[in-house]
Amino acid sequence: MHPAPSVIIFTTLSGLGFGLMMFLGLGFLDVSGWVAFVFVAIAYALAGGGLLSSLFHLGHPERFMKALRQWRSSWLSREGVLSFLTMGLFGIYALLWIFMDTRVAWLGYLAAASAVATVFATSMIYAQMKSVPRWHSFLTPVMFLMYALAGGALLSTQTYIAGLLFLLLVPVQAMIWVVGDRAFGASGSTMGTATGLGKLGKLRLLEKPHSGNNYLLQEMVYKIGRKHATKLRLFALAFGSLLPAALLVVFPASHVMMLLVILIHLTGLFAQRWLFFAEAEHVVGLYYGQR
Amino acid sequence: MTTLPQSTDKKLGLVIDLDTCVGCHACEISCKEWNTSNYGAPLSDVDAYGANPVGTFLNRVHSFEVKQENKPAQVTHFPKSCLHCEDAPCVTVCPTGASYKRTEDGIVLVNESDCIGCGLCAWSCPYGAREMDALAGVMKKCTLCVDRIYNENIPERDRVPSCVRTCPAGARHFGDLGDPDSDVSRLVAERGGMELMPEQGTKPVNRYLPPRPKADVEEIDVLAPFLQRQDEEAGGFLGWLDRTLEKL
Amino acid sequence: MTKHHQPTLNTSPEVSDEIRRTTCYMCACRCGINVHMKDGKVKYIEGNKDHPVNKGVLCAKGSAGIMTQYAPSRLRAPLKRVGERGEGKFEEISWDEALEIAAGWLKPIREEAPEKLAFFTGRDQSQSFTGWWAQAYGTPNYAAHGGFCSVNMAAGGIYTMGGAFWEFGAPDWERSKLFMLFGVAEDHDSNPIKMGLGKLKANGAKIIGVNPIRSGYNAIADEWVGITPGTDGLFILALIHELLKSGNVDVDYLIRYTNMPFLVNQDADSDEFGLFVRDKDGKELVWDRVKNAPVAWDAKGVKPAMQGEFEVNGIKTTPAFMLLADKYLGEEYTPDSVADRCGIPADRIRKIAAELARVAFEEEIVLDRPWTDFRGEKHDKMIGRPVSFHSMRGISAHSNGFQTARALHILQILLGSVEVPGGFRFKPPYPKPVSAHPKPHFGVTPGKPLNGPHLGYPQGPEDLGLDENGKAIRIDKAFTWENPLSAHGLMHMVISNAHAGDPYKIDTLFMFMANMSWNSSMNTSDVMDMLKDKDENGEYVIPHIIYSDSYSSEMVAFSDLVLPDTTYLERYDCISMLDRPICEADAMADSIRWPVVEPDRDVRGFQTALIQLGVKLGLPGMVNEDGSAKYKDYADYIQMHERRPGIGPLAGFRGKDGKGKGRGEPNPNQLQAYIDNGGFWIDHIPEDSAYYKPWNAGYQDWAVERGIFDAPQPYVFTVYQEVLQKFRLAAEGKGDIQPPEHLREQVRATMDPLPIWYEPFEQSLVNTDEYPVHALTQRPMAMYHSWGTQNAWLRQIHGYNPLYVPTDIWEKHGFSDGDWAKVTSHHGEIVVPVALMQALNANTVWTWNAIGKRKGAWALQNDAPETTKGFLLNHLIHELLPERGDGMRWNNSDPVTGQAAWFDLRVKIERVDPPPNLQSEPTFAPQESPVGQGPANVEYGKEWT
Ligand SMILES: Nc1nc2c(c(=O)[nH]1)N[C@H]1C(S)=C(S)[C@@H](COP(=O)(O)OP(=O)(O)OC[C@H]3O[C@@H](n4cnc5c(=O)[nH]c(N)nc54)[C@H](O)[C@@H]3O)O[C@H]1N2
Ligand SMILES: Nc1nc2c(c(=O)[nH]1)N[C@H]1C(S)=C(S)[C@@H](COP(=O)(O)OP(=O)(O)OC[C@H]3O[C@@H](n4cnc5c(=O)[nH]c(N)nc54)[C@H](O)[C@@H]3O)O[C@H]1N2
Ligand code: SF4
Ligand code: SF4
Ligand code: SF4
Ligand code: SF4
Ligand code: SF4
Ligand SMILES: [Mo]
């Protein structure tokens with residue numbers, strides 16, 4: 001799939017934002033007043049910025065409200081509804097927290113649960129796609145949730161939890177890749193099933209329908225070099241979880257340190273998400289000679 | 001939970017004969033010219049006269065080569081448009097309800113005024129049957145020419161999809177695949193009509209008729225009776241000629 | 001559970017305001033179209049279901065007509081060159097000025113030396129009109145593009161059976177059970193062939209495709225024969241060998257309908273050796289085996305012998321069939337001896353022969369349709385041999401194509417499958433024997449018309465176009481010993497001959513609808529140089545070039561004066577019985593185009609402009625006594641012109657009452673009658689006359705009634721072709737008209753009265769170890785030559801063209817996807833992208849034709865893929881053959897007809913690093929665009945959605 005910046009920014013930032021909301025909602029951070037405000041603002045900036053960025057991916061962003069209608073069937077719709085719900089719940093919770101200095105615990109828990117649900121809904125947008133075998137797995141929500149949680153923990157300065165989650169992410173992420181690499185093969189879709197011509201012999205694309213480009217090729221048939229991917233995977237693993245975990249464990253927490261870890265994680269996370277899209281092969285590629 | 005209808009009264013769709021399709025792209029262009037000025041936004045062409053023209057098409061014709069060891073390779077031309085799946089994932093993923101499947105005939109359509117252009121339906125379609133129009137920002141797909149097949153402003157004999165009407169080789173058939181007695185259903189039964197990517201679980205309505213076996217890919221049957229030699233019979237070639245003339 | 005929601009939809013929207021029915025011209029197939037108009041613009045084009053050609057279907061090009069109608073490349077006004085030739089710098093001028101300039105060049109030369117005008121037209125459909133114009137002007141130098149296109153096919157057919165494939169006739173698609181297709185990718189009968197193939201498939205008939213490349217029609221063939229290019233003749237003759245050997249030829253048919261029983265002079269010393277012996281009325285003789293005496297071939301009740309030696313008036317003779325049998329039963333034509341050269345296993349050749357025989361003779365069709373033959377004999381049935389064939393440039397674009405085409409026709413004839421149910425059928429005005437065609441004319445008189453039509457079918461050396469010194473009269477050297485039967489001229493030699501001043505210099509080159517500085521020339525780079533070349537005085541070697549095009553093509557840039565034509569939807573045209581009508585095997589039909597859209601530019605239909613120019617020049621037939629115009633415009637000409645009394649461009653709705661069929665006075669309301677009838681006119685042949693046309697008295701009478709001919713002209717197929725033997729006799733030193741020494745052997749060897757095969761010339765002259773690979777082009781179904789490119793929809797399908805390479809070569813050179821290759825011929829070198837194709841003859845590479853474009857042409861951006869990755873194979877092909885060692889360069893054409901031998905090309909191929917900017921080579925400086933560049937985006941139909 002085409003690793004569109006808007007979508008990468010959306011999933012990373014909103015994941016972090018809702019992760020942070022979750023930790024704040026659960027009351028992990030014992031701050032108040034303007035410090036609380038700063039954290040809340042960061043959470044909103046991330047979640048809201050992410051959502052805003054996702055609008056850039058739309059052909060008709062001005063109609064985005066229509067996307068809330070099909071929550072009964074569509075994960076994207078659910079994600080929209082849930083993110084508004086989360087932001088609303090969390091907003092009330094935060095207002096009370098910042099300005100009244102009262103933390104309505106149940107409201108916080110509710111907001112936290114809603115935040116988790118939002119991230120889950122986001123992940124399900126991808127996980128439901130049978131047409132993208134690498135995504136079509138329970139590991140996709142696991143991955144999204146773990147990154148959101150780890151990031152949220154990190155942003156809410158829960159170094160211990162963050163370190164633990166980052167450590168856990170290393171094998172999980174590795175496993176996701178290993179499983180993901182086999183997913184296309186395991187899906188059973190081949191050029192043969194795509195065309196029904198498999199029985200006749202070994203198939204290959206002779207001529208694309210058009211010598212030129214098209215939406216499908218631009219959007220769904222993105223091919224990344226194997227070598228390039230391996231390097232990026234190592235980078236994503238190192239920056240996204242391994243290094244943050246190590247730094248959190250080895251060095252005492254400080255503002256500078258935290259900022260550094262956050263930046264490192266974010267870089268790794270971007271790489272991870274870029275790969276999440278770039279490595280995901282859509283079965284439509286079979287009609288264009290991929291695989 | 002789904003916004004797909006539980007069932008549809010008809011299952012209108014196309015049957016495409018891969019044994020007859022010569023890959024002429026007529027269906028594709030006819031589709032484009034009908035649809036660019038009918039249902040919904042035009043099918044635009046970006047950079048139309050430049051280095052990287054990218055246009056929206058609802059039907060595209062691919063060409064594949066297939067080969068068995070030590071046999072001549074075969075070529076198959078392969079037109080592809082929306083298959084109007086019974087279990088259309090493109091409908092259920094749609095956040096706005098713009099994508100829908102009609103209860104009366106099973107046609108899958110996009111209500112463009114509701115479409116936000118999120119692209120998710122195109123992602124969910126295994127067949128690449130949906131294309132986002134770059135200029136209109138809405139999702140385009142084969143409408144099965146819903147604005148032709150019932151259109152009372154056109155003569156009855158023309159109430160078929162544009163691509164079907166135009167196909168010079170007659171490789172495209174249109175009808176109700178839900179009715180086992182329809183011409184299309186019969187063709188499918190006779191010729192072993194195929195479903196594309198059944199493993200995707202989309203239950204496509206459109207079917208493809210496979211190429212018939214090729215004589216040159218089979219072994220030459222060297223034992224088959226060759227032409228009888230006349231020149232070794234009585235009198236050779238001239239003897240044969242004599243006998244033939246006598247019979248006239 | 002949600003309820004299913006669906007919006008209400010208007011399923012009956014208004015489609016258009018009006019439908020205008022006319023004829024497509026996105027190619028020469030001439031399909032009927034319904035043009036849906038909305039707000040004065042074209043909204044939708046669909047096929048006309050009632051039209052005889054396409055019966056409602058339309059190809060990709062036809063449906064893309066909207067994008068051509070509104071293409072940014074359309075010329076807007078007459079152009080006068082202001083820069084150097086080739087630069088593309090022009091100023092727009094008025095029509096008055098344009099016609100003034102043209103007349104200023106053409107008038108003086110008409111008075112002095114009309115041959116100084118060379119007028120050549122491309123694939124237009126008004127040759128009976130342009131030829132008439134050129135004749136009135138008086139130049140001998142007129143032809144259309146047939147010489148580089150497919151004259152081998154046309155001439156091979158005419159000289160063998162009075163018609164060929166394509167517009168001359170078609171397989172009986174309804175009844176055929178085995179169809180063999182030789183070397184066709186698309187052909188002119190674009191839609192009818194596809195419809196026919198579809199019909200065969202639906203009827204369960206078998207299709208055998210003979211083609212080095214298995215794409216398109218060959219992809220759906222049930223059996224593919226991946227023949228080595230240039231060897232079809234051998235393959236066909238081997239099939240004939242097998243059929244003869246097994247007695248699977250239709251002797252009755254040969255006796256009745258061919259010249260096979262004709263007695264041939266066998267006296268080697270005679271001046272008439274190899275010619276038919278005739279009685280005193282000039283009738284060919286046969287040997288009656290009952291009377292045991294020679295009788296005229298068409299005598300009543302004759303029982304001709306097919307074998308034996310007979311003495312007639314002291315001359316040793318034998319039936320022509322004996323010569324044929326002797327020749328093809330020889331060892332030379334056994335499947336085993338041809339297999340390697342053809343690249344087809346001998347067993348497969350035998351199997352195909354067996355299949356042809358089985359279907360022809362065991363699946364015989366019998367129609368209960370009584371008919372009477374020209375001898376007066378009544379038949380109560382029509383017997384069909386349901387095998388049919390079709391072929392086009394795969395056979396004809398080789399230097400042995402004429403004889404190969406003949407071989408194929410003879411194969412059909414031996415099977416008795418021409419003009420019978422299930423076989424091949426002629427479309428009126430064919431069949432028409434060679435003898436009924438005009439001969440070429442060369443009588444030039446300054447200030448006067450030519451003494452007859454330019455083109456025709458020579459019947460012997462006396463019909464050649466040579467002056468008293470044996471020099472060519474025509475600029476293209478058509479009808480000379482080099483290419484005696486060049487019935488369509490040699491358009492591909494015009495520019496190089498004119499540039500070389502050989503046979504003479506010309507003043508004005510006037511061309512219409514042919515992109516001669518680009519894809520329709522061999523050796524494109526040199527042709528561009530020839531057009532630009534100046535003499536020692538700084539004057540262009542070809543002093544004036546007038547050109548008519550509708551679009552900003554490559555050729556426009558090389559013209560001094562450009563006459564902008566309309567698009568096909570903006571003008572009157574007629575697809576005439578005098579030319580190449582749209583007839584069916586079952587019907588006579590013709591059609592028109594009419595302005596369904598008014599031009600929004602200062603353009604004129606070329607034919608109208610030509611009439612206006614003719615009036616300015618005062619050409620006979622175009623002006624009245626007082627010098628005033630006889631025809632207001634082309635539409636007026638179409639209705640009012642008479643070629644023979646009662647016979648005009650359009651056959652339908654003739655006479656004052658509009659009821660005349662074929663014959664009748666001019667009808668001033670004729671065009672309106674056509675428009676009302678859907679743009680065409682059709683008249684069906686009565687059932688009992690629809691087969692056996694050359695011999696069917698019913699058909700002959702019907703054809704006379706309809707003005708197709710003036711008297712019945714039944715004839716037999718000229719399997720043994722005497723005309724060829726006449727040239728051969730001359731080459732052997734007999735007769736007064738003698739070929740020059742250097743051509744003697746070529747004429748003797750190639751003008752065989754019975755088809756032969758010889759190695760394609762280029763291949764016999766180059767070192768085939770050095771150039772081991774055949775290189776071909778194919779027509780893409782969705783593109784028409786160079787003009788597909790200006791179409792925003794079509795160019796997305798073929799925006800560039802890779803060179804397709806077969807597996808062995810691919811692997812040998814270590815190619816992989818995205819690679820580039822250098823391809824070299826004896827003449828030139830190109831650097832191009834490659835792609836793998838497995839379903840391809842192992843020794844052949846190929847590419848799509850005419851996709852590569854010059855930068856600046858067609859209103860494209862300069863970085864359009866057509867101009868970067870796209871390329872022409874033409875740079876490798878030369879109009880002359882490599883030197884033969886006699887110091888002379890012979891033309892790269894069929895030695896009989898002059899057909900350009902595009903497909904004889906031999907190359908070598910090497911892998912090279914992708915060039916910088918992925919730019920194919922050679923490259924040329926961009927031409928300036930007189931119409932600017934197209935807009936960034938297209939959203940056609942936005943106003944209606
Ligand atoms: N869409 C479209 N239609 C067209 C045209 C166009 O440009 N586009 N052009 C029109 C014109 S002007 C013409 S002349 C016709 C030509 O129509 P075609 O005769 O179909 O001409 P080509 O496309 O040149 O195809 C030649 C075919 O012959 C095969 N071939 C080459 N050499 C040999 C050989 O030695 N033996 C055999 N058996 N096959 C061989 C090639 O592989 C190719 O398939 O098409 C007309 N129709
Ligand atoms: N390598 C290779 N070269 C080939 C061939 C091949 O097989 N291989 N085939 C050869 C053959 S058979 C042919 S016929 C030629 C074809 O070659 P051309 O005859 O040169 O064909 P086009 O490229 O179509 O060029 C025709 C010109 O007519 C113009 N035109 C289009 N419509 C109109 C109109 O309505 N009015 C006027 N006035 N002009 C119009 C177009 O803009 C274009 O410039 O190519 C030949 N060249
Ligand atoms: S129009 Fe018919 S023959 Fe042509 S590509 Fe489409 S399906 Fe195939
Ligand atoms: S083919 Fe694709 S777009 Fe069409 S119904 Fe099926 S899933 Fe949806
Ligand atoms: S692009 Fe439009 S139709 Fe497709 S899922 Fe999004 S809103 Fe629905
Ligand atoms: S049915 Fe209509 S919309 Fe669908 S591919 Fe055919 S022409 Fe296009
Ligand atoms: S074959 Fe196509 S382009 Fe040619 S006349 Fe017919 S519809 Fe037009
Ligand atoms: Mo041609």
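**A strand in chain C, then the ligands**

Guide: Let's start in chain C, where C:Met588 stands opposite C:Asp683 in strand 28. Keep in mind that this is a predicted model.

Visitor: OK, and how many bridges join strand 27 of chain C to strand 28?

Guide: Five bridges join them, and the two strands run antiparallel. Strand 28 covers residues 680–684 of chain C.

Visitor: What about strand 26 of chain C, in which sense does that pair with strand 27?

Guide: Antiparallel, over three bridges, with strand 26 spanning residues 573–575. There, C:Cys574 stands opposite C:Ile592 of strand 27.

Visitor: So is strand 27 of chain C buried or exposed?

Guide: Seven of the seven residues of strand 27, residues 587–593, are buried, so this strand is largely enclosed by the rest of the structure.

Visitor: Which residues of strand 27 point which way?

Guide: C:Ala587, C:Ala589, C:Ser591 and C:Arg593 point one way, while C:Met588, C:Asp590 and C:Ile592 point the other way, and all of them are buried. In a regular strand, side chains alternate between the two faces of the sheet.

Visitor: Switching to ligand 1. Which residues are the closest?

Guide: The closest are C:Asn211, C:Asp232, C:Gln778, C:Arg779 and C:Met783, out of 31 residues that surround ligand 1.

Visitor: What does the shell around ligand 1 look like by class?

Guide: The shell divides into 15 nonpolar, nine polar and seven charged residues. Strand 29 of chain C gives the largest share, three residues. Helix 14 (393–396) and strand 29 (773–778) of chain C each supply at least two residues of that shell.

Visitor: Which polar atoms lie by a nitrogen atom of ligand 1?

Guide: A polar backbone atom of C:Met783 is 2.5 Å from a nitrogen atom of ligand 1. For C:Met781, a polar backbone atom is 3.2 Å from a nitrogen atom of the ligand.

Visitor: And what lies 2.7 Å from an oxygen atom of ligand 1?

Guide: That's a polar side-chain atom of C:His398. As for cover, ligand 1 taken alone exposes 910 Å², and the protein buries 100% of that.

Visitor: On to ligand 3. How many residues surround ligand 3?

Guide: 13 residues do, and the closest are B:Cys21, B:Cys24, B:His25, B:Cys27 and B:Cys167. By class, the shell around ligand 3 has 10 nonpolar, two polar and one charged residues.

Visitor: I see cysteines there. How many disulfides does the structure hold?

Guide: Zero, over all chains. A disulfide is a covalent bond between the sulfur atoms of two cysteines.

Visitor: Is B:Cys27 buried or exposed?

Guide: B:Cys27 counts as buried, at 7% relative accessibility, because buried means under 20%. B:Cys163 is buried too, with a relative accessible area of 8%.

Visitor: One last stop, strand 1 of chain B. Which strands pair with strand 1?

Guide: Strand 10 (residues 172–176) of chain B pairs with strand 1 in the antiparallel sense over five bridges. Strand 11 (residues 207–209) of chain B runs parallel to strand 1, and three bridges join them.

Visitor: What sits across from B:Ile16?

Guide: B:Ile16 stands opposite B:Arg172 in strand 10, and the bridge partner of B:Ile16 in strand 11 is B:Tyr208.

Visitor: And how many residues of strand 1 of chain B are buried?

Guide: Six of its six, residues 12–17. B:Leu12, B:Leu14 and B:Ile16 are on one side, with B:Gly13, B:Val15 and B:Asp17 on the other, and both faces are covered.

Terms used:
Residues are numbered from 1 along each chain as its sequence is written. Chains are lettered from A and ligands numbered from 1 in the order in which they are written. This is a predicted model: local features need pLDDT of at least 70, side-chain atom pairs count only at pLDDT 80 or more; totals for chains, interfaces and linings use all residues. Side-chain values use heavy atoms; hydrogens and water are left out. Buried means under 20% relative accessible area, exposed over 50%, partly exposed in between (1.4 Å probe, protein chains only). Helices (H or I, at least four residues) and strands (E, at least two) are DSSP runs, numbered from the N terminus. Two strands pair if DSSP finds at least two bridges between them. A residue is near a molecule or strand if one of its heavy atoms lies within 4 Å of it. Ala, Val, Leu, Ile, Met, Phe, Trp, Tyr, Cys and Pro count as nonpolar, Asp, Glu, Lys and Arg as charged, and the others, Gly among them, as polar. A disulfide is a pair of cysteine sulfur atoms within 2.5 Å. A polar contact is a pair of N or O atoms within 3.5 Å; within protein, one must be able to donate a hydrogen and the other to accept it, and residues adjacent in sequence count only if both atoms are side-chain atoms. Accessible areas come from the Shrake-Rupley method with a 1.4 Å probe; for residues, only the protein chains shown count as cover.
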